[in-house]
Amino acid sequence: MENFPVINLEKMNGEERVATMEKIKDACENWGFFELVNHGISHELLDTVERKTKEHYKKCMEQRFKEVVANRALEGVQTEINDMDWESTFHVRHLPESNISQIPDLDDEYRKTTKEFAEKLEKLAEELLDLLCENLGLEKGYLKKALYGSRGPTFGTKVSNYPPCPKPDLIKGLRAHTDAGGIILLLQDDKVSGLQLLKDGQWIDVPPMRHSIVINLGDQIEVITNGKYKSVEHRVIAQSDGTRMSIASFYNPGSDAVIYPAPALLEEEKQVYPKFVFEDYMKLYAGLKFQPKEPRFEAMKAVETTTVI
C-alpha cells in the first residue's frame, strides 16, 4: 500500500502539472492502476450513489444472494472453489443506448442518480484518455477515436456487493482476471477493503479512500499502446466482516471497433499485438475471463492471419 499511486487531478491546472503527468505515466507503466482524488465529481453525488446502492442491495438483492449463493455455495466444501464468486451484481448499460429504464427494482431517484453519475464518469474517462495520449506522444483524441465503433464507445456499469463470507479462505469475492476493455472507473467502499492487484508477483491492496475513483487499464489499452501500458490482474478477497460495495464503470470500444497498435508508437519498435474487431475479442474473453490474457492475444493473432480486417 505504501507507494500506491494517488493522483490529485486538481494539480493539473497549476505548476505541479508536469510532476502530476509524470505520476500518471509511472502509474500506467508500472501499476496499471491509480486512485484519483479531486476528480471533479461532487462528494454529494458520490454519497447519494453510495447510499442508493446500499439501500437497493438491502431491499432487493440481499435475500436473493442468501437463497441462491450463500446457503448453497459452501455446503460441505473443504477445498477452494474456483468456478464461482462470492458477489451479488447487476449491470447497467449507458452507451450506445441506455437500458436503465428496463432494470427492475430501481426507484426514480436511483435511476436519476445513476444516469447523472454515468455522464460525469464518461466525461472523466475521456479526459483521462487524453492525458494518456499526451504521455504517449499521441495526438489528442487518438485513444477516444480508437475505441469508437460506428456508434461510439460501449459504456456500462457493474454494480456489485460482496457480503460477509463465513469461509473467506475457500472462495474469492471475484477471481483474478484482467479487464477486457478500455479504461475502468471504480467507486469502491471506503470502509470494507478487498480489492487487490498483482504487482511483481505480490498481491497488493488497493486502499479504500473516501470519495476517490480508482482507475485501471483494460486489455485494449495494452494492445493500442503495443504493450507500453499493460492491463493488470486483480481480484476481490472475500471478507468475514462487512459488505463491500463496488461500482465499476467500463469505458470500452464499440463492438465493431477495430483495435490495433497505434502506428505512431511503432516507429521505433516492432508490432507485438494483433489487429482485431473488439466484438471477436469479447466472444473469446467470455469463456476465458479468469485465465491469463496472453493466450487470448495469441488466439486473436491466429484470427488476424486468416481474416482481412
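Predicted model: local features only at pLDDT ≥ 70, side-chain atom pairs only at ≥ 80, totals over all residues.
A residue counts as buried when its relative accessible area is under 20%, as exposed when that value is over 50%, and as partly exposed in between, using a 1.4 Å probe and protein chains only. Residues are numbered from 1 along each chain as its sequence is written, and side-chain values use heavy atoms, with hydrogens and water left out.

Another cysteine, Cys133, is buried too, with a relative accessible area of 0%. Taking a disulfide as a pair of cysteine sulfur atoms within 2.5 Å, the count comes to zero. For Cys133, the nearest cysteine sulfur belongs to Cys28 and sits 11 Å away.

Next comes a sheet. Helices (H or I, at least four residues) and strands (E, at least two) are DSSP runs numbered from the N terminus, and two strands pair if DSSP finds at least two bridges between them. Four strands line up as β5-β10-β7-β8 in an open sheet with antiparallel pairing. The edges are taken by β5 (172-177) and β8 (202-205), each with a single partner strand, so one side of each has no neighbour in the sheet. On average, neighbouring strands here are turned by 30 degrees against each other, direction ignored; the axes behind such angles are lines fitted to C-alpha atoms, for helices over the stretch in contact, and angles run from 0 to 180 degrees between N-to-C directions. Within the sheet, β7 (residues 195-199) and β10 (residues 234-237) pair in the antiparallel sense over three bridges. Leu197 has His234 in β10 as its bridge partner.

UniProt, in an unreviewed entry, lists residues 153-253 as "domain: Fe2OG dioxygenase". UniProt positions are given in the numbering used here, feature names are shortened, and annotations may be inferred rather than shown by experiment. In the model, this span is 6% helix and 48% strand, and its end C-alpha atoms lie 5 Å apart.

Now for the charged side chains. Side chains of opposite charge can pair when their charged atoms come close. With a salt bridge defined as a side-chain nitrogen of Lys or Arg within 4 Å of a carboxyl oxygen of Asp or Glu, the structure holds 27 of them. One joins Glu50 and Arg210, at 3.6 Å from N to O. Glu50 belongs to helix α2 (residues 43-73) and Arg210 to the loop between β8 and β9 (213-217), so this pair ties together parts 160 residues apart in sequence. Glu50 is buried at 12% relative accessibility, whereas Arg210 is partly exposed at 41%.

A second pair is Glu126 and Lys144, whose closest N and O atoms are 3.4 Å apart. Here helix α3 (residues 108-136) supplies Glu126 and helix α4 (residues 142-147) supplies Lys144, so parts 18 residues apart in sequence are tied together. Glu126 is buried at 15%, while Lys144 is partly exposed at 29%.

Lys293 and Glu222 make another salt bridge, with 2.6 Å between the closest N and O atoms. Lys293 lies in the loop between α6 (278-288) and α7 (294-306) and Glu222 in helix α5 (residues 219-224), so the link spans 71 residues in sequence. Lys293 is buried at 9%, and Glu222 is buried at 2%. Elsewhere, salt bridges with shared partners join Asp47, Glu50, Lys54, Asp189, Asp190, Lys191 and Arg210 into one network.
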